[in-house]
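Hi there,

Here is the model I promised to pass on to you.

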Amino acid sequence: MTELIPTAYSELLTSPVFCIPLTLAAYLIGVKVYSLSGKNTFLQPVVSGIILVMLAISILDIPYERYFKGAEIIHFLLSTATVALAIPLYQNLHYIRATFRPLLLTLLMSGIIACFSAVAIAWLLGASAEIMLSLAPKSITTPFAMGVAESIGGYPPLTAGFVIFTGIVIAVCATPIFKWLKIDDPIIQGASMGMIGHGIATARALELSSKTGAFSALSMGLMGVYTSIFLPYIVRLLK
């Protein structure tokens, strides 16, 4: 009987019964801390939530793969929740129509700079080809990025890490940079956050305003499609 207790305990810690409440609790604590701090940009709930989950699974000695499997339904719901971004897009459709051409031009240039600047820095630091190929799609949302990384010869799990890190950096640093550069146009703010910081930055953009969130969501989607189509083609040409 006593031998069964550790096994049952281990199964409980890696089951949806534990992993889903753990994830939700970490996020809610992050929201509370963010609110109490006066919405300090460095205490974004997505950042503090990730840190709390990391601490919990490290202390409880839960392998990440087993935690992810236990909380997999949240990952599925996150994908479907993306559909809700259509609401701010619809509410700001007239602004999108008016700025679509300059937005597309910016997207073309931003995609090139985002991919090749990161690869160039990695190359200068002596990174391997696989690392550079994993880094190239870092500015698009995770499902797109992992598929692109796999098709061009990168490591999809490593790419997922780069994508999350990039999104967190943009979500945390975007607002201070906008203030420093005196950029207060929600279209510019949203477009730049979505093109580089994908879904994590879009969550932050929605806090700024509906208009900022709409342009961030639109830019995130367009950048994902643009990079997914052209990056594998360009990599094949360069090989």
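**How the helices cross**

The axes of helix H10 (residues 156–181) and helix H11 come within 8 Å of each other and cross at roughly 75 degrees. Axes here are lines fitted to C-alpha atoms, for helices over the stretch in contact, with angles running from 0 to 180 degrees between N-to-C directions. Helices are DSSP runs of H or I with at least four residues, numbered from the N terminus. The angle makes H10 roughly perpendicular to H11 (angles of 65 to 115 degrees count as such; under 35 is roughly parallel, over 145 roughly antiparallel, and the rest oblique).

Before going on, two notes on the source: this is a predicted model, where local features need pLDDT of at least 70 and side-chain atom pairs count only at pLDDT 80 or more, while totals for chains, interfaces and linings use all residues. Residues are numbered from 1 along each chain as its sequence is written, and side-chain values use heavy atoms, with hydrogens and water left out.

On the H10 side, the residues that meet H11 include Val163, Ile164, Gly167 and Phe178; among their partners in H11 are Gln189, Ile196, Arg204 and Leu208. Contact means heavy atoms within 4.5 Å. The residues of this contact divide into 12 nonpolar, seven polar and one charged (Ala, Val, Leu, Ile, Met, Phe, Trp, Tyr, Cys and Pro count as nonpolar, Asp, Glu, Lys and Arg as charged, and the others, Gly among them, as polar).

H11 (residues 186–208) also meets helix H7 (residues 93–124): their axes come within 10 Å and cross at roughly 35 degrees. The contact is made by Thr99, Leu103, Thr106, Leu107, Ser110 and Ala114 of H7 and by Ile187, Ala191, Met195 and Ile196 of H11. Seven of these residues are nonpolar, three are polar and none is charged.

**Two threonines in H12**

Is Thr212 buried or exposed? Thr212, in helix H12 (residues 210–238), is buried, with a relative accessible area of 1%. Buried means under 20%, exposed over 50% and partly exposed in between, using a 1.4 Å probe and protein chains only. Leaving aside residues up to four places away in sequence, Thr212 touches Pro186, Gln189, Gly190 and Ala205.

**Loops and a partly exposed isoleucine**

Most residues other than glycine have a negative phi. Asp61 has a positive phi, near 60 degrees, and lies in the loop between helix H3 (45–59) and helix H4 (64–70). Asp61 is exposed, at 67% relative accessible area. Lys182, in the loop between H10 and H11, has a positive phi of about 55 degrees although it is not a glycine, and Lys182 is exposed with a relative accessible area of 73%.

Finally, Ile188 of H11 is partly exposed, with a relative accessible area of 45%.

Best wishes
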